[in-house]
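Here is a quick tour of one model, strand by strand and then out to a helix. Have the viewer open as you read.

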Amino acid sequence: MADIFSERKRSEIMSKVKSKNTKPEEIVRKYLFSKGFRYRKNVKELPGKPDIVLPKYATVIFVNGCFWHGHDCPKGTLPATNTEFWEQKIRSNKQRDEKNEKSLVERGWRVETIWECELKNKTIALKTLEALEQRLKNRENDNLT
Ligand SMILES: [Zn+2]
């Protein structure tokens with residue numbers, strides 16, 4: 001099929017698509033940044049390459065897609081076809097997540113997992129993020145005492 005859009009038009013469309021669908025990890029980052037938290041992104045030196053690393057709080061945050069990481073929610077439901085394949089695939093993803101979490105904890109990190117479905121609309125996201133913020137602040141107080 002011929003490309004019906006000019007290069008300029010196409011990039012215009014793409015940028016609109018992008019800004020409409022903010023990635024879940026961006027929602028978490030933006031919130032934390034607005035609250036004064038400073039972090040590193042996608043730290044590949046750490047197991048599982050956490051999406052967000054807060055050294056001051058000794059905390060790493062994974063923002064997980066419900067399907068790929070096998071969340072126990074409607075979005076984590078396996079497809080009706082090729083079910084066995086997906087079952088195996090998702091199971092091995094979950095095992096890898098667990099292994100990563102374990103080695104992070106062994107290195108002294110606290111691991112937070114935020115699920116995609118916990119950010120699915122503004123009301124739910126705000127609740128999730130406020131709770132996360134509170135846990136981080138409690139940790140800061142722990143460290144001071
Ligand atoms: Zn979920």
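## A strand covered on both sides

Strand β3 has buried residues on both faces: Thr59, Ile61 and Val63 sit on one side, and Val60, Phe62 and Asn64 on the other. Here, buried means 20 or more other C-beta atoms within 10 Å of a residue's own, exposed means 12 or fewer, and partly exposed is in between, with C-beta atoms placed from the backbone. Six of the six residues of β3 are buried, so the strand is largely enclosed by the rest of the structure.

Some housekeeping: this is a predicted model, where local features need pLDDT of at least 70 and side-chain atom pairs count only at pLDDT 80 or more, while totals for chains, interfaces and linings use all residues. Residues are numbered from 1 along each chain as its sequence is written. Helices (H or I, at least four residues) and strands (E, at least two) are DSSP runs, numbered from the N terminus.

## The neighbours of β3

β3 pairs with β2 in the antiparallel sense over three bridges; strands count as paired if DSSP finds at least two bridges between them. Ile52 stands opposite Ile61 of β3. In the β2–β3 hairpin, four residues lie between the strands, and Ala58 has a positive phi near 45 degrees.

With β4, β3 runs parallel, joined by six bridges. Phe62 has Thr113 in β4 as its bridge partner. To get from β3 to β4 the chain passes through helix α3 (residues 83-106), a right-handed β-α-β crossover (with the strands pointing away from the viewer, the path from the first strand over the helix to the second runs clockwise).

## The core

Which residues have the most contacts inside the largest nonpolar core? They are Val28, Ile52, Leu54, Val60, Ile61, Val63 and Ile114, in a core of 15 residues. Such a core is a set of buried Ala, Val, Leu, Ile, Met, Phe, Trp, Tyr and Cys residues joined through C-beta atoms within 7 Å. β2, β3, β4 and α4 (122-144) each give two or more residues, and β3 supplies the largest share, four.

Ile52 touches Glu25, Val28, Arg29, Tyr39, Lys41, Val60 and Ile61, leaving aside residues up to four places away in sequence (contact: C-beta atoms, placed from the backbone, within 7 Å).

## Helix α2

The buried residues of α2 (residues 24-34) are Pro24, Glu25 and Val28. Seen down the helix axis, they fall within an arc of 100 degrees (taken from the directions from the axis to the C-beta atoms), so they line one face of α2. The face turned away carries exposed Lys30, Phe33 and Ser34. After α2 comes Gly36, with a positive phi near 90 degrees.

Notes. Two residues are in contact if their C-beta atoms, placed from the backbone, lie within 7 Å.
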